[in-house]
Structure formats: C-alpha cells, structure tokens
Amino acid sequence: MNLIEKYGPIAGKKSINQYCPPKCFELEGKEFRFVLDTGEEAGEYLLKVTGKTELEWSFRGSPMKKETYECRKSDDLTYLLTYVIDGTDHKENHTFVIDLEQELVTFLLCKAGENPYYPYIIETHFGFGYIAFEGREHTDLKRHGFTADVAGTCVRWVYGHNLSTVHVYHDPHWYRIGYPKNRIDTKEVPDATKRIRALMQEMPSSDEQAYYIKIKEAMYLVSVTEQNLEKLLAERFGFRSDTLCFLDNWDRMYSVGRAFGKRTIDGEDQDLFIMIGKYGVPEEVEDRFFTDPIPYLV
C-alpha cells in the first residue's frame, strides 16, 4: 500500500492548516489580568480561561462575555490565544501573545466595518503590556514592541506537503510574495492555488502592509492584512481582506498563527477563522523583490 497515494489528497484538502499543531489546553483554569499600558488599545483586560474551548473576558470594565477560543504554543512558555467576538454587526477578532517567560502580553484587535469606502477592509490595532499578579508589582518597563529586525528576510513558509509561499519582508512596514529562483512545484498543486496565482498577476504588486512585533530573542509576531487585494479584486479573489497573524519562532524555524475575515463563494459570504501551522525553509529570490518600489505609495 502506498500511504502517500492514499492519504496525500486527503491531507492536501486541509490547505493552509494541514501542518497546524494540536490544540493547547494548558491555560485551562487560569485567570489573567493584562495591563495594556502601551499602544492605542491601552486598558485593563480580564481573561478567565474556564475550559478547554471556553473563556470569559472583559475589556476596560465591560461586562464579562463568553467566547470560544483557540490556543497554540510557539515555545514552552509563549502562547497564541485567539477568538472571534460574536453578537456584533461586524465580526471582530481578539488575539493575544501570552508570554509567561517575561510576564508580558501583546493584544491584537482586528475588525471590519471601520472604512466607509471598503466595508470588508479589516483594520488592525495593538496594545502592549504586562501580566499582573496578585500581591506583586511589575516594575520592568520593557514591553513587546514594533521592530525593523525582520526587514531583509526572505523565507519559504511550508503549510502542507504541497502548499508553500515565499514571503519577502523587504520593508519595516510592508511585505510581498516572492518567487524562488528555481521554482519546483509538486504535481498536486491545487487548482484553487493556481487560480489565486493567476489573479495575483493582475495586481500592480503583491505588497501589503505588515506589522512586525518583537516578542523575545528569535521570536516575532507578524501581522498582515490583504487590503489591496480587497480594494482591487474584491469578491473575484474570494478572500475578503483576510487578516493573518503568525507567531514566528526563528530558533526552531516554525510558526503558529490564525486567519480571520470572510470569503465570498458563489456570491455568498462565509466567515473565516482558522488556525495555521507552518515551518520555514531558506529561500533565494531575485534582488528586485527587495528593491522594487511599492506601487501603492507616492
């Protein structure tokens, strides 16, 4: 029996979350008080992880609300916890990097509906702070924060046995999709992937704005949102301003992340919220991927 022939097509249908690691339940039963004292989303955030998939939260004194969450680990003491807020006109996502090693936290708020010209556009907002513990004062002023460390990096991220993407982090505030000098694709490249590649050729470039946050040595949170794709291709592309964040562990060359937004299929909108896993492979691209100007800027 050839197991690749038997299970390969089944695994490939999982697409971008084929290599997603198992769910993490280590935070079950824990309560957190996050003091977000830096960034536009400053305020106190209470989080009670009541079960393996359920939690309660309150931000800036709001009533406690229940949600269903997902959690993955990037190293032994750093967690990516995320959930979608229900009961709102425009879906929104709350994501946390919970850094128990340094007792720090990053809060990422993503929601649609803020742009009156492009209602599907998702905007990204950050808050940085520390984890407060009863009876102990947090005196360290260091926080997670924006960085230019990632600029100058090119990597092939592998999401599945026949799915990978080359990311070129060419600017402290942007990224673009690259192509290797010697591209080799497997025979099983999905038709959906081929369709997306063809649509991307219609764009002035693949540039999208990106946020890079340093969590600790060799670990960075990367947040990107496909806003230009939404503005120019909209429902033709299918994914509507999809926003992705990845907690990249460069010491181990792997990453965990989540995708949030909507997709339009046959004229019908569907909510999108999935967890992602990937590993990194060194890659070379033509110099122009680092030097070409960004066509969306003056």
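Me: Where is glycine 39?
Reply: In this predicted model, glycine 39 sits in the loop between β1 (31-38) and β2 (43-48), where helices (H or I, at least four residues) and strands (E, at least two) are DSSP runs numbered from the N terminus. Residues are numbered from 1 along each chain as its sequence is written, side-chain values use heavy atoms, with hydrogens and water left out, and local features need pLDDT of at least 70, side-chain atom pairs count only at pLDDT 80 or more, while totals for chains, interfaces and linings use all residues.

Me: And is glycine 39 buried, exposed or partly exposed?
Reply: Glycine 39 has a relative accessible area of 42% and is therefore partly exposed, given that buried means under 20% relative accessible area, exposed over 50%, and partly exposed in between (1.4 Å probe, protein chains only).

Me: How many Å separate the C-alpha atoms of glycine 39 and methionine 203?
Reply: Those C-alpha atoms are separated by 33 Å, and the two residues are 164 residues apart along the chain.

Me: Switching to charges, how many salt bridges are there in the whole structure?
Reply: A search of the whole structure gives 22 salt bridges, each being a side-chain nitrogen of Lys or Arg within 4 Å of a carboxyl oxygen of Asp or Glu. One of them joins aspartate 37 to arginine 143, with the closest N and O atoms 2.8 Å apart. That pair links distant parts of the chain, since aspartate 37 is in strand β1 and arginine 143 is in the loop between β8 (122-132) and β9 (145-146), 106 residues apart.

Me: What does glutamate 67 pair with?
Reply: Glutamate 67 forms a salt bridge with lysine 65, the closest N and O atoms being 2.9 Å apart. Glutamate 67 counts as buried because its relative accessible area is 4%, whereas lysine 65, at 29%, is partly exposed.

Me: Which residues form a network of salt bridges?
Reply: Asp75, Asp99, Glu101 and Lys216 are linked in such a network.

Me: OK, pockets now. What is the volume of the largest pocket, and what lies nearest its centre?
Reply: The volume of the largest pocket is about 1200 Å³, and of its 43 lining residues, Ser15, Ile16, Leu163, Ile196 and Phe239 lie nearest the centre. On a 1 Å grid over the protein atoms alone, using a 1.4 Å probe, a pocket is an open set of points with protein on both sides within 12 Å along at least five of seven lines, and lining residues have an atom within 4 Å of a point. The volume is the space filled by probe spheres set on the points, which are joined across faces, edges and corners.

Me: Which element gives the most to that lining?
Reply: That is α2, with six residues in the lining of the largest pocket.

Me: And the second largest pocket, how much space is in there?
Reply: About 280 Å³ of space lies in the second largest pocket, which is lined by 13 residues, including Tyr179, Arg288 and Phe289 among those nearest its centre. Both β12 and α4 (288-291) supply at least two residues each to this lining.

Me: Last topic, phi angles: what is the phi of alanine 234?
Reply: Alanine 234 has phi near 50°, a positive value in a residue other than glycine, and is found in the loop between α3 (227-232) and β15. Alanine 234 counts as buried because its relative accessibility is 16%.

Me: What about methionine 253?
Reply: Methionine 253 also has a positive phi, about 60°, although it is not a glycine. Methionine 253 lies in the loop between β15 and β16, and at 25% relative accessibility it counts as partly exposed.
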